[in-house]
Amino acid sequence: MSTPIRHDWTHAEVKALFELPFNDLLFKAQTVHREFFDPNQVQVSTLLSIKTGACPEDCKYCPQSNRYDTGLEQEKLMEVEKVLAEARAAKATGASRFCMGAAWRSPKKKDMPYVTAMVKGVKEMGLETCMTLGMLSEEQAEELAEAGLDYYNHNLDTSPEFYGEIITTRTYQHRLDTLSNVRKAGLKVCSGGIVGMGESVRDRAGLLIQLANLPEHPESVPINMLVRVEGTPLAEEADLDPFDFIRTIAVARILMPASHVRLSAGREEMNEQMHALAYFAGANSIFYGEKLLTTPNPEANKDLKLFDRLGIKPEERDEQYCEDEQEAALQAKVEQARNDQFFYDATA
Ligand code: SF4
């Protein structure tokens, strides 16, 4: 039986997944993963902060908010040429996607010519492009799509119920509206959340249900582990049980079988064994580079060494023929799964 792509997950079903014995959950996640992906390939993206700090929003985990004194050095929007030089370097280290992030509530009109020039330049190098610039209007999303942007990142962060504990300057609905504008413009969606902010398992389930029950699953689902930055309100948050993080990855894989599930912030605090378990649970994308926006990220070669020990290969981007073939095969599986009339009992 092939796994159907579903958009009608209930709390009871997802709760039951979180409550499975660890080995049963991982087995289920790995089985789904193998149906849709080569289990020994991991997609590699590089992230560059193109505008750092001084953000007016109040996200309690974020060192870039201007409400918290974190000692972060603020940087204005980078020059286009500097961004392109970073993209060239990222390509040379094997990245297939280049993500650019700006700490804005939303981009201003005067910023758009610069960010669209960045997208065009990076795209010309043969890299996939991704941006995260805050909330987007329909027009802005269209402008970015016309420039050739592939992905837009906008995270839901947590469940709708817990959201107000973390952010008060924009609503959950604002976030959903941006995701909808991004979809309407024909861009691919990158959206996930953060684990370890003091949320309950129900909230983790709630976040994944929101993502999985969108009309289309995000193509990329970053699952971040909170990085406790001194000066932010979440600096003293309690340790997260690493197995709870792995469980969240596994449930994301089961709920969104054809999406890339990405290990993002917090990797610095994860050892090699935890990385390996995350890959087994269905994570198949990482960010690498020296920094993940403003928090430390394991050095790129450390990742490549671990890939080598685990027999994992970075997903290729340049071999367009292979990629097109893979894409076609994946699409066929998604279509098949969509049409599958079998009842999928997630808790079986
Ligand atoms: S997470 Fe983004 S929107 Fe929130 S404070 Fe940080 S940079 Fe601003």
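Ile312 counts as buried because 20 C-beta neighbours fall inside 10 Å (the rule: buried at 20 or more other C-beta atoms within 10 Å, exposed at 12 or fewer, partly exposed in between, with C-beta atoms placed from the backbone). Keep in mind that this is a predicted model, where local features need pLDDT of at least 70, side-chain atom pairs count only at pLDDT 80 or more, and totals for chains, interfaces and linings use all residues. Numbering starts from 1 along each chain as its sequence is written.

**Around Ile312**
- Ile312 sits in the loop between helix H11 (300-310) and strand E12 (313-314); helices (H or I, at least four residues) and strands (E, at least two) are DSSP runs, numbered from the N terminus.
- Leaving out residues up to four places away in sequence, Ile312 touches Asn40, Gln41, Val42, Tyr279 and Phe307, where contact means C-beta atoms, placed from the backbone, within 7 Å.
- Pro39 is 273 residues away from Ile312 along the chain, yet their C-alpha atoms are 8.2 Å apart.

**The nonpolar core**
- The largest nonpolar core has 90 residues, and Tyr152, Leu208 and Ile249 touch the most other members (such a core is a set of buried Ala, Val, Leu, Ile, Met, Phe, Trp, Tyr and Cys residues joined through C-beta atoms within 7 Å).
- Helix H9 (residues 242-255) gives the most to this core, eight residues in all.
- Ile249 has Ile223, Val261, Ala278, Ala281, Gly282 and Ala283 as contacts, again not counting residues up to four places away in sequence.
- As background, nonpolar side chains tend to be buried together in soluble globular proteins.

**H9 against H10**
- The axes of H9 and helix H10 (residues 272-281) come within 8 Å and cross at roughly 25 degrees; axes are lines fitted to C-alpha atoms, for helices over the stretch in contact, and angles run from 0 to 180 degrees between N-to-C directions.
- So H9 and H10 are roughly parallel to each other, the label for angles under 35 degrees.
- On the H9 side, the contact uses Pro242, Ile246, Ile249, Ala250 and Arg253, and H10 brings Met274, Leu277, Ala278 and Ala281.

**The annotated cysteines**
- UniProt's unreviewed entry lists Cys55, Cys59 and Cys62 under "binding site"; such annotations may be inferred rather than shown by experiment.
- Cys55 is in the loop between strand E1 (41-51) and helix H3 (80-92), and Cys62 lies in the loop between E1 and H3 too.
- Cys55 counts as buried because of its 21 C-beta neighbours inside 10 Å.
- Cys62 is buried as well, with 26 other C-beta atoms within 10 Å.
- Contacts of Cys55, beyond residues up to four places away in sequence, are Gln64, Ser65, Asn66, Ala103, Trp104 and Arg105.

Terms used
Two residues are in contact if their C-beta atoms, placed from the backbone, lie within 7 Å. Angles under 35 degrees count as roughly parallel, over 145 as roughly antiparallel, 65 to 115 as roughly perpendicular and the rest as oblique.
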